[in-house]
Structure formats: C-alpha cells, structure tokens
Amino acid sequence: MMNRTGTDIQIAICGSAGDGTIASGDILKRAAALMGFNVIAFDVYPPEIRGFGKCISRVRISSQQSYSLKQNSDVLISLNDTHAIPHVGEVRDFGAVIYDDNLIANVPEGGHISGHIHPAQIPYGFSIRQISEQATNSARSRNIVILGYLAELFDLPREHFRKIIRDKFATKPRAVTDDNIKAFNAGLLAGSGVFKLDDVVVQKVDAKGNGADAEMMTGNGAVARGFMEAGIQCYFGYPITPATSIMERLAVEMPPAGGKFLQTEDEISAIAAAIGAGYAGTRAATATSGPGLALMAEMLGLGVMAEVPVVVVVSQRGGPSTGLPTKTEQSDLNLAVFGGSGDAQRIVLAPTNVEGCYRCAGRAFEIAETYQTPVIVLIDLYLSNRYETVIPSAHKQFAAKPRVPLAPNGDGAFKRFELTENNISPRAIPGEEGLMHTVTGLEHNELGRPNDAIHMDMNTKRHEKLKPAVNFPGLTVSKRFGDEGKVKVGILGWGSTFGEILETMYEAQAEGISCAAMKVVMLSPLPVESIAAFFADCDEILVPEVNYEGQFANIVCGALGKPVSRLNQTNGAPMAVADILAEVRRLSGKKPKTGQSDTFTEAAL
Amino acid sequence: MNEHVEPVYLEEKLEEIRADGHQGYRSKSLPTWCPGCGYYSMAEGLTFALRRLEIAYKDVVVVSGIGCASRFPFFFKTYGFHTLHGRVLPVATGVKIANDALTVVAVGGDGDAFAIGGGHIPHAARRNIDMTYLVFDNGIYGLTKGQTSPTSAVGFKTSSTPYENSDVPLNPLMMLLSYGASWVGQAYAGHQHDLADMITQAMSHKGFSFLRILSPCVTFDKTDNTYANLNLHVHDLPQDHDTSNLMAAMQAASQTDKPALGVYFKDDRPTLAQAMNATATRASGTG
Amino acid sequence: MKVDRNRDAEVRNRDQGDAGVDAAQDVHHSDDPRDFGWVHENVPCQSACPAGTDIPAYILAILQGKRGLSYEINREANVLPGVLGRICSRPCEDQCRHGWPGNGEPVSICHLKRAAADLKDIGHRLNESLYGPSGKRVAIVGSGPAGIAAAHDLSLMGHDVTLFEREKQAGGMLMYGIPEFRLPRDILREEIHNALRLGVDLKTGVSIGNGKGETPLSELRNNYDAVLLATGCMAATDLPLRDALKGGSVDEITNIEYGFDFLLDLHRGLEKKVGKRVAVVGAGFTALDCARVARRLGAEDVTIHLRTTEEYIPVTKDEILEAKREDVALLGLRTPVGIHSTKDGRLKSVEFVQNRLGGWRENGRRKAIAIEASEFEFDCDTLLVAIGQKTAHDFLDDKLTFDRWGNASINENGMTSLVGVFAAGDYVKGASTVIEAVGQGREIAKGIDTWLVGKPRYKQVVRIEKVTEPLRERSFDFIARCHMPTAEIEGRSASLGLEVENGFDEDLSHQEAKRCYLCNLKYNIDVDNCIYCRACIEVAPKNCIKMVEGIKINQDGTYGDLQETTEWDHVGAIWIDNNECIRCGACYNVCPTNCISITRNQLVQREF
Amino acid sequence: MASPIHHVIIGSGSAGFGAAKTLRAADQNCRVTMITMDSLPFYQRYALPQIFRGRQDWRELLEVPPAKYDELDIKLRRRTRVVEVDGSNQIISLAHQETVAYDRLLVCTGGRSYLPENLTSQVDLIHSFGSYEAAMQVFKDLPKGGSVIMIGGDMIGIDLALTLLDSGYKVTLIANQQTFWPHDLTAKQQKPLLKALEAKGMIVFSDSRPIGVSDKCTNSATRCVTLEDTTEVLGDVVLSFCGLSPAVEFMLGADVDIERGILVNPELRTSNETIWAAGDVCQIWHDTEKTYKFYHGWKNVRMMGELAARNMLGGHDIFDVNVEDQIGVEPDGQLKSTFWTH
C-alpha cells in the first residue's frame, strides 16, 4: 500500500438503476468535500433510465492528494444485492458491508448478500427499505437512509450532509427536502445503536485542509466552469452520454451571463452553428462524444479549412458505433487527431484530471483564436463523470484580451488567408469596417477565393501554424513526475488514465523500482522534444491506454521512431493500478512482492 | 362505465386471454421501460393489432431508431431492427423495398422522428412506402434523462430549458398531412383499447400510415403530458369527420390544446412498390 | 339530549338482516363459493371468531371515530361487547394477518372491542331491529352467555322469552366464575340488562329440577312452545389420581378444593380463605384466576402446576404475564398422581410425576408423557384443582341423548332428542370459551326460530361493495402494537375488585385501529384495462403483486395458490395476491389506467 | 452426479465451530454452512472478561483467523437470523427472506441470558454481557475504578467479577438461586463460596432480592437497585448473570421435541432424524435419572459439538451424561469450578 497518513477511505454504493445510487454518492462526495477532504469519485451506470441495470458510485475520501480511485473499497453499501454481490470481493479485510437484511420478497439460496460476506469483512445489515418507508412513506429514500447510517457509523458531521441535501433539492418542492432530511435522520437513528466492528477510520480534518474554497466538480462541470470563466458567448449542443451534463450546466449558467445557448436538433447542426458563431467573432463551443464527433467530422474539416476558431469538447465512451454508452474508453484519439476528410490538422488537448479539464477548457478559446482553428478538448466518461475537489482559480485568467482592431482595408482585398512568416493570417470578423471577406470549405487563396493550385502552400500554412502551440504560455503541455535522471521504467500516459499511472509510479517507487512518469496533455501537435528527452532517460517505456490498439503509442512511435511497451484494456472500466504495476515490475525485472503476512496465529482448539 | 360491482374471477379471465392469443407476439424478456410508462400500452396495442390482422410473426419486421420508444423491437417475437438515432425510416425503407411481402412497422419517439430524423419523414411520406410509422410522442427526451423535444410545449422546463422552453412545438399531424402521408391518425396511450384499434386500422392501410401516439413520460415529465392532464384534454374526433377531406383534417389537427383522437385523413393512392412496378413497366417499354 | 342523527343513520344503513335491499348500484350480493372462500381465507380474524364478529368493520368504525357504530357492529354478533372485550380468549388475534411472519404483531382486536364499549358516547343509543310478535313462547334455562345471547335474539324475532336462573343474579359463569379484577360487575350487569330489556322475562332464584321447591323441566315443556337448555358445565372435573388417596378422599381433606367451586363460592359472597403456600393444578383461565385470587387473599407462595409447559396452555400470553407479574410461578411438566396429608387430615404435599413433552394433540396442544420413576413431592397447604368442568344432568326429568363426553347431542336446528327441547353453549360443547357460547347461543336461537316459524328467515351471502379510496396509509403499518395499560402491581393484592387492565383511551384506540389492515377490502386488477406496466409492482411493499399465468382451484371451488411467471409471453395477468396484500393502497394510487379497484367483501345475513 | 451433502450448523460458538471442523476433517467433499446472528467470526464468550485486561480489539479474541474459514471451506453467514426450520422438507428460512436447504442440521444456538420476570420492565437499565459488542458497551459505560452491581452471579458472571476486582473495579453481588449457576447449590451450600468472594473485596447481599432498577439515584451514581427490604444499592452498571435459557423459538415448527431446550438422545440426535442439537440449547436424556438434563460449560459444549458432528456422519458416539460438577474454595482462597478452565 502507498504510504499515506491520515484518512484515505473509499466507499462504494451499489444499486439498480432507479435506486438513487448515484444521487446518494453525489451527496456523500459533496459532504466529504465540505468537510475538507480531498475527494475523487466515479459513478458507473447502465444505459436504461430506470430499468434494471447496475449502478455503482465509488467515493474516495482522503486527507491527502490522491490521483485515482483505489482498487479496494473500505465500505460497500448494497441497495441491490444482485448487483452488489459481485463487488463484495472488492471490500478489504475488516472493511464494512452494509445491506438491507429485511427483504420483502423471497430470494433463492445465495441471493442475499449476507451469504457472500467474507469472515474478515464486517456485515452491517439493517432494514433500509422499511426505515425509508417509515420515514417518508416511500422506498425511494433508501439512498438517503444509508447516508445517515454511514454518518452515524463513521461519525461524520451530520450538518454537512444536511446542508448538501438541502442544496441538492433546493429547486424541488419543500416537501422533497423535508422527506430527504427525514430519511437522513432515520438513517442516523438506525445507525445509532450499531456497534462499530470494522477498522475503517475517518479522522476529522482541519477545516483549513482544503479550505472552504475547495469545490466538488466533475470533469464536465470543470469544462463548463472553464468555459464560463473564459467568457463563452455561444453554445450549441445535442444530448449525448457522457457529454450531456456540460450542456446542462451551461444551459443554467449562460443565459444570466449574457451568453447564447441553444440545443440544436443534432450534432451536425450544433457544430455548424458553433462554426457560424466563431466566424462571427464570438467564443463558441459545443460538446459531444465519439458518435457525435464522427457526425461532426465533416463540419470540423470545414472549420480547419475555413480557419474558424471553435472549441469542441469530446468525452469518449466505449465504441465503435453506439458501443458502450455508459462505459469509459480512450478510443476516439485517432478520430480526434485524424478524423475527417483530407489533411485536417487540428489542436487536441487531453487533460488528465478534473482541474486539467477546467484549465484546458478555459484556455482552449485563446488557443483557437490564436491559431484560428478548431480545438478539441478530449476527455472521456471516466473524467467527465468523476468528481474531484478542485480549487478554482480566483482570477479570470482565461478571459479574452481586448481585440486590437486591424487597419481598414477599404479596397476589398483583405487577405484573410495571407501567407505570413508565422503562418497566421490576419483575421477580421463580420461587422468590422472595411475587412469584408469570404470563407469556404473549398481550397482557397489568400483572399478566400476558390483555388486548387495553392493547395500545397495552404496545407503547409495550416500545418505549420500549429507547431508553436506546444509552447503555448499558461498551458502545461507535458510534465514529468517521479525519479530524476536515468530510470529503469518510464510510464507515458494521457488523459484520465494518468491518475492510475501516477498512483502506480508511487507504489513502484515504494517497492524500490526506479521509475518516472510523464503526462502528455497536447496530443496534436505532439510535444516531440520533451517526449524524446524522457525516452532518453528511461530503459523501458510503458504506455498504458484504455483502447485496443494503443492509439497514443502508435502516434508516439510514429513521431519518435522508438519502440514502446503497451498495456491496453477495453473492458469498459478504467485501468487498474495493480495491472500497470505488474507490468512495471515485469519491465523492471523485479519479482512480485509476497502478500501481507498473517497477523493471526491459530489458537489451539 | 358500468357502475355495478361484478366479482372478477381470475381463472375465467386468464382463459379469455389465452384464447385471444396475443401473448404469443411477446418475447420472453420483460420490457425495461419505467413502470407506468405509456409505451407498455403501445406494446399491448401492437400485439392486439397483429393478432387481429392475423399476421404471422415471421412476416413482421419492427424497425426503430434510438430512444426509449426504440427499445420496442426487443419486446416482440417478430423480426426487429434497432438502428441509429433518427435513421429509422431509411433502414425500414430498405427492408420494405427488398421484400414487399413483409409487414414493416417503424417505431420511434418524438426526438428520433422530428429532431434528428425529421429530414427523413417527408420523403418516406411522399413516396407512400407501404409501412406503418408509429411515433410515440411524449414531448421529452427520456433516454438522455429529460431534455426538451421538438414537441415540448412552450414554457416547459427541462434540464436543457431551465428558464422555460420558448420554441413553439411542431405539429406532427399537420406536418405529415402536408408531407403527403396517405394515412394520418392520432391515439393516446391512456386509452389502451382505442389505441389497439387505431394501430390495427393504421396497419390495415395500404401505403404510408403515420400514427402519432400521445404518451406520458412518467419519469421526467411530472407537469405537462401526464396521464392526468392528457385524460382531461383528449377527446374523439367528431362522428361526422370526413377522412377524405385534407383541409378538414388540417383544421382538426390545428386544435392542439384539445387533441382529438381518431383517423384524420385517409387517401388511397399507389404505393412506392406500385410506383416502382409502374416505372419498371414503363422502363421496359411494354406499357 | 343531543342526538347524533348521522350516526343513527349509519347504524341503520348496515344491511345486516335489514329488511331493505341495497338500492345503491355499487353493491352486489354473491353466493359463489369462490367469494365465500375469499372471505374465509382473507378475513382470518372473522373466520376464527366463533361468533363471526365482523372485526375489520368495527375497527374501521373506531378508526373513523365512530365508536358507537363500532359497538353496534359488535353487538350484531355478540350482545356483550364490553364483557368479551375484557375476557375473550381471542382466537382472532392468533390468526390476525398483522401477526403473520414478517408483518409484526397481531392487532389488539380484543382491546379495541373493549375500547368501542368503553368509549362510546354517554348518550349512545342501541340499535335493535324488531320483528312483529309471533305468539310463540320460549323458555331458556340458564342465563350464562349462551342463554343471554339466545334470549336476546329470540326476543328480537318476536317470541316471548322467559329466562330461568338458579342463582340470584343473571350471568352464569360470567357473574360467578370470573374474578372481578378481570371483569367489573357493573359492566356485566349493564350489558346483560341491555340484552334482556326487549321483553325477556328474567326469573332469578328459580331452579329447574326435581328437588323440593324446584320447577320440573316437563312443566316448562308443557307451558312453552320451545325450551332451550343452556345450563353450561356446572360440575368440576374430578382429579384423577393414579394412586389411591392416602388418608381419605379429596373431599375429606378440608384444604383441597375444586377451583370452580372456590370461585363460585367467592362470588356468591362467601368468605374464602387460603393458606400460605397455595398450589393450583390446571392450565386454563380458571387455574390462573384461582392463583391470582389466592394472591389477593394473602397467599405468600402461589404456584400453578402444568402437565406441559406454559407455551402450550390455552390462555392468552398477556394473562400469563400478568400472573407472573403478580408473582405467581408456573411450573411445567408434571402431573399430580397422589396427595399426602398429615395425621390430622390436613394437606401436606402433592405428589407429582415428571413429564416430558410428547407429540401434538389434535387441538394443537402438546401431549405430556410421564417419565417412569420420576415422582416427587411438592409441599403446600392449599390445593386448588382446576382441571376442567363438565355438564351436570341431575335436573332432567326425561331421557336425553348425550355424546360420549356426556354433553347433549343436538341436530342441525339445535334440538335435542326431546321434541321442542333445544340445547346450546357448554351444555352442548363441554367446557369452552365465552365467545363460543355466545356464538352458539345465537346460532341455536336461529334454529329455534326456524323450527317455530317453519322456515329459515335468513341466508348468508357475500356482500360486495365498491370502495372509492384505500382508507389506509402505508405508514400505519409501522405502528407498534399498543400495550394495555395496567394497574400498578403494588396495589393489586389489596383488592379483589380492582380491575387490572385499564383499557385504551381514545388516542390509544385510534392508534391501534390504524394498525388493522382492514382485510375485508379486496384489491382487484381489471385485466381488460391493464397494460402490464408494473407500476403497481414497483411500489408494492411486499411480494404482493404478481405476474401470473394461472391459479389453482381447490376441490371445494375456492381458490388455491397463484402460479407466477417472469416470462413475458406467459404473463396472463398482473394480479394482487390478497393473501400477501396488506391493503396499503400504494398500487391503487399509482395505476396509470385506473384499473385497480377496491371492494369491501363481507359476510351478511339476507332475508329470504 | 449426486451433489455433495450439505451440513448446516445454526450457531457459531464452541459447539458449532468444533462441529464444523470435525465435519470438514472427516469429509472433504461435503458443504458446511454455519449460520449465526453474531457479527463476528467465532470467539469464546468466556474470553470476554479479557476486555478488562486490555484486549479490546475483537481480532485478539478470535479463536482462529478469518482466513481459516476459507482454508476449511466453511461458509460462515453472520448477522443472519433463522426464523423457521421446516424439519420435514429440510429447509431453513432466514429472516431476510432467503431459504437454505440442508441435508443434515445441527442446532447449537446456545442460550440467552435469563432475567427474572419482575425486572423485565427495567431491562433497558440493565447491561448485558452476552456478546463482544455488549461487553464493550459495559467497558465503555463503566468508569475506571467504577462499580458494578451484579444480580445473580452465575459462573460466567463470577469470572467477570473476579477479573473486575483484580483490575481495580468494585463489585456488588446480589445473590440469588442462580448464583454459581450452572452449579445447583442451596443457600447453605452457597454460603462459604460467597464468603470467599467477600474476602476478595466483593460486597455481597444474599438475604434480599432486587425488586427494581432505576437511573434516578440519590447521588452521582448512574444506577441504583432497590432490594425487597428497601435497601438501595448504588453503582455505575447493573449486570444480570442468572444463567442461560435456551433460544429455541425458531425450532417450534421443526418437528422436534422441545421442553425448555431441544430434547436429544445421548447421541445428540433429536426426534427428527436429520436434526441434531448440541451445547446449551439441548437437553440430553439421562437414562438413570429418567429426565432430560442440560450440560453447560464450554468443555461440555465443545465436546457435544464434535460428538454431534461425528454422529451426523454416521457415528454412534454417546455423550457421557455423568460429567462432574464441582465447585469449591481452594486453600489459597481461590474459587475452583469444573466449569472453568483457567
């Protein structure tokens, strides 16, 4: 285990769609953040709205910085035994399993979770459903009852929960809040007589730990926050899992701030409208997932060709086609970097954590405006939906700088696509005096008029103008962690997987393996020099990715011409630390460590 | 309604149901819609219609797009095709053109039909492909958890219209009437018997039949298209409504605040298959 | 005096034997065996009640604050609600659905009956439906519960009834057998008076028999059109000792007494004394009453000796608990086999043999099997024998046929082997419970009436009435069973008359009434309108709504188990399993097609 | 192919665990399931006084590490209440609505602490010591050096009392008929033993019985017990140690003979041929005394568990009903009982 001091526990809540599993986890993580903990949380849910699929909400609560979820949970709460039984094994020894021991229908032998709890785990059964019905006349508040029970069992501050519950239901009728508070109190009462036998301990944090500034955010929430701080003016969206919540957030926040928000009839019209708005000089964006990006590919090509700044957030899910809409994957990298017709070079940023989402989304407009091109912020379901505590910047560092007007060119010969030294052309927007011009998806000359002969020059311009982006100020394009100088194993990663990579690296170091890690945030164009320097220091390079082929490894190998070791997985779940660690051990030539020594000696019977 | 209290005896009822045979059209697996969803009513309605028209399972293909309604084919023991969002009609057209002997039922929700798929409907309608298009209209996006749809009312609050929807809803009946659909009707999920009857009539029609079915989303719409509200507002088309009069149909279709149920318009004209046969005849120079 | 007209109207509108036919369209009367079967199975309390009391109806009345109506509903089956509300053996509560596994504890049905009696308005008016005079005369011998119930009903039917009682006061075992701390006499006298005041001629102090100053039975037969014998079990069962009694017979040892006589004498006003160590042999209410009376008469050490163990004796758990709280000890697994006396003829000890539990007897009790050579002595200075009572026949002056237990044999109308002589109550059943006596008294009254008039007046049907709302809330199901407030233990031993149980007040009775599931409500899904959406199943509190493909039919035409399925193409109906249903109303409120209906299904008597 | 025989053991104490081990040792293929209301794996109730000697972590009280259950392939189901045993269909119903089928069943649910009826209404004011959780509650509620009022004082209680005295606490014993249970002693026989306890610093009341417990006390004490002679005994915690009464309600439908406990023959088989019982829950036929007797004490109990297991596998071992039952005071003033092992 990693050598961390203080609190570091993970709670998993498992239920069926409709049980309120996710809402329960949501309250838990927000309350934990309010208590001053660092929180990472991730929900897994099925495509059906309220059908019968499995939902799991995992919340890691720590007093120190953490980078991913833990492999083992300390506490598992079952709201649906059928779904929770396969997860009992994820609970560590002397951890707790909380479940309903008062079912209403007969279950076959083996159908109740209590029959699956290992002797080293601690069972806590109570009448969750009955207490819920008693408190609120409905079984729907079971998810809140368990929170009360949890708060009582681990002595978590009640008022923080109550505040979050009140906040969460603030827009609902008063009775909804009252019922949920009743359910929470009923859970407290149910937990009050319980003797705690597990060894899961939550220490009180100094309120200053994270401070009141810390906010609980998802990757999608952070994207929306970054957009708002960057002064987004127009947003066009179409619902698609797992990007929808970006749209929903902006739908709430933009109108009061003077922004224009529209839900269009499809992704094709969403990107089209965004490109129109970008052309018209506003900060405009859309967000989608892989299938939507595929639809948008043609329109993105228009953005590249017409050199229109626009920001597209892409949250990846399992594919191809409709694929696994509620499962995470990093398999749209090729589409993001290469997708579309023709040589359509664009900028692709892939943040590695929630705070990164905030920074990349906020910075993306500036980059798009600087290079006059579409910028894709590539995240995935794991990052979109996972919660972390973030301290947002106090300043509006992403705000647009006042535009320096160009000199009017009254003769109608404004070279919107002028070939310049730095390959960036002067840009005017509709409404500016004397700078009128035409943009098009056809290949065009400096004036923007259709022209085939200039294609080579224009291609050069469109590619070369992006190269300096790897040094864009205010943006971490890549970063190295871990041991300095020469190391045995270097782990190269991108996107949401980097949290697990970092956790792995710390564990490997603790095992005595000389190890370093590098994250690459800008995937197109690639920061080749810093990656090359990293390669030079490492005996072995490992690239873990949640896709089948190793799309990033392919890109890196192509760019550097050096072989790397790949670790790929596509089971819908984030990469496990243990799997990466095993690979690191293998590459380092080190034998796996033996398991924990048994602290028991059997008494003579 | 009979106010007399008559005792109900279960085994007699079950015998009736078994004798009726409509259970046979169901698949083994239970529908996964939210409990209370109006789509259950439609599933019942389609099974009754298929039974009444005595169409063999093997001759039926149910095609759908993406959305709650598009789960439909999974719950039937017929051929089914669950395609992509909004692309129901092109796929169904392909199936029907490939084999005219099949009974093709296209199903989808209001988002699938009138938003992303809106561009396809006029063409399916004017070509008069011999299929039935059942649009389950609940005025909301259920599968993505409650955003506004093209048929949502003005003032409707959803997660994407937190400050109220200001877009005027589409009028699918007037659209379809103007697109040239040869059979246009409207039914309501809460009147399950009438619904079954309407599906039967739609499927009996030779040509493109469009049936709009008003249905509540019990999970994400607690205010507008609820059973309670719809029960208050729906009513039958007048007895003397002339189904051959397009303008009368348009007039009736324009009454959106009190939706009328029944067959609005019916026109017997050549189907795509017939037209293709005619084209083939002309092309071969034998006509 | 202010009269609640509405309440009167409610009372009148109940169609129990009412001459009128239901005019309302939302009532249907059925004589289908499936409907009878439903009521028998689904209203377990009423089925368990020997008098057939409509328990859900009277509890609903309490719930609705109509305690007078509740009292009247009780009186339709049982003219002594205030009495039975205190001392009934409560076979209903053993069957109460609320006490079924997983549902919690049974409703305090008996205490609620008492609440209806205690808490009805001071100005409450009784509801009686009278028939015109028949001109027939009926004599009833014995004014115990069976006699009173029969006298009341026969007088309503228009017959002239004369009720003969040997003792000074009417009431039989109620008056002379049950201690006052369990049944205050003012309550008893009032209800007896109410039962008899419609023209029953009560003659107390008149003994029917062949002795001097007694009236012979044959004289009654001559003077009346019918005679009903309701003399009960007026002789104590002998103590069967295995060994011949050392030192004489039981009667010769002064401090051995039959508990039955002990209580009879006490309530006749004789001064009774007991020693310091009192042993009671027996396992019924009489045994417990004797023990508790003995405590109040100053005994220091009171023990009750059981053949089996306290789990298996036919008295309520409350009664056992109160006895224990009064420091009465129950000692199990022993049968008396001998008595030891001192030289001067005083009781020294009782010899018992140790038992072990054997198999089950047909009446649901356990057998006790003596363990060989395990005899032991138990020292005591008073022995009260309360092992049962039997019928006495010395008052007869003509031959009567008896069954093998010495009880009167009767035909379906209740007539004995003597024409015009009927019998009811313990005289027919042997020593049984008060509620059985009341139930049989009514039943035989109907038989006598049929015989006198020449045809039955009534037939039983199932009245099915539409109910427009669930009447209950789910939260009611979580209310804990209300406990009967009792008198402080300290004060009890000082008085024989201090009632131990204080009764429910309005709040408690309302609270307890909420607990009743109202089992006579039947929830139905109209399959023709059901769209199989399972909204009802989702909100169901138990596994009470099922997807079914069939139902078993029993040989007698009633329903058996539902045959469930989860395969969509087999689901014929979504159906409410009324056996699992706890009438919470959740499904009714959620159905999108309003296909769930509620009816109230009750057994009623209709006139031919 | 025949499925392996399923042995189910209700209860996870000495008898249950001993039986499970024996079953597994004799048959590698059978299924062994233990069902218990406890939250913890098997630990000795007799070890609970150790809590007052610094062993408060339950893991230190376990007899075997949790991994041992995996090693022995014993399925342990905790916090699981059996509501009914259907002896003719061989099905156990659990309170949470699950059913478990068995081929052979061993019942060793032990007993629950008996409380004199006249004190039942004050049960909330009386601590229990029947489980680790209850014992820890006593440990928490008892201030350092505080005083315990013990009603009865059976051998488990006396063991605790001696530990408490040794650890600097005060103990008041209100003796009654159950004192020194399961030894069956007359008041006269109790006298020298009580004296020995007094010599160890215990305050003993042996002539009056408690009639009430209250938490409204005249001084700072949190509990006071009123005796029949109106004496008030003050303390911090009241414990009742009046012996055990067997817990058998769930067996009422199981088609086995029950008196107070489950009646078994000397082979520990009940009147149902697929059900055995062992430990404090059963009464064994004593052929010479012609009565069914209880045999308490962990030695007896564990012996019964192992013996029942052997007989479940087809053996015909007989329980020695003539076990010795002695208590006395050693020359050094220490109590010695055949029910104690230390």
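Predicted model: local features only at pLDDT ≥ 70, side-chain atom pairs only at ≥ 80, totals over all residues.
Residues are numbered from 1 along each chain as its sequence is written, while chains are lettered from A in the order in which they are written. Local features need pLDDT of at least 70, side-chain atom pairs count only at pLDDT 80 or more, and totals for chains, interfaces and linings use all residues.

**View 1. Helices α3 and α4 of chain A pack together.** Here α3(A) (residues 128–136) meets α4(A) (residues 142–153) at about 105°, with axes 9 Å apart. The two are therefore roughly perpendicular (65 to 115 degrees). Axes are lines fitted to C-alpha atoms over the stretch in contact, and angles run from 0 to 180 degrees between N-to-C directions. Helices are DSSP runs of H or I with at least four residues, and strands are E runs of at least two. Look for I128(A), R129(A), I131(A), S132(A) and A135(A) on α3(A), facing R142(A), V145(A) and I146(A) on α4(A); residues are in contact if their C-beta atoms, placed from the backbone, lie within 7 Å.

**View 2. Chain A touches chain C.** Six residues from chain A and seven from chain C make this contact.

**View 3. Helix α14 of chain C is largely enclosed by the rest of the structure.** This helix (residues 285–296) reaches 16 Å from its first C-alpha to its last. Eleven of its twelve residues are buried, that is, 20 or more other C-beta atoms lie within 10 Å of their own; among them are F285(C), L288(C) and V293(C). Their cover includes α13, β8 and β9 of chain C. After α14(C) comes G298(C), with a positive phi near 105°.

Terms used
Parallel < 35°, antiparallel > 145°, perpendicular 65-115°, else oblique. Contact = placed C-beta atoms within 7 Å. Expected span 1.5 Å × (residues − 1).
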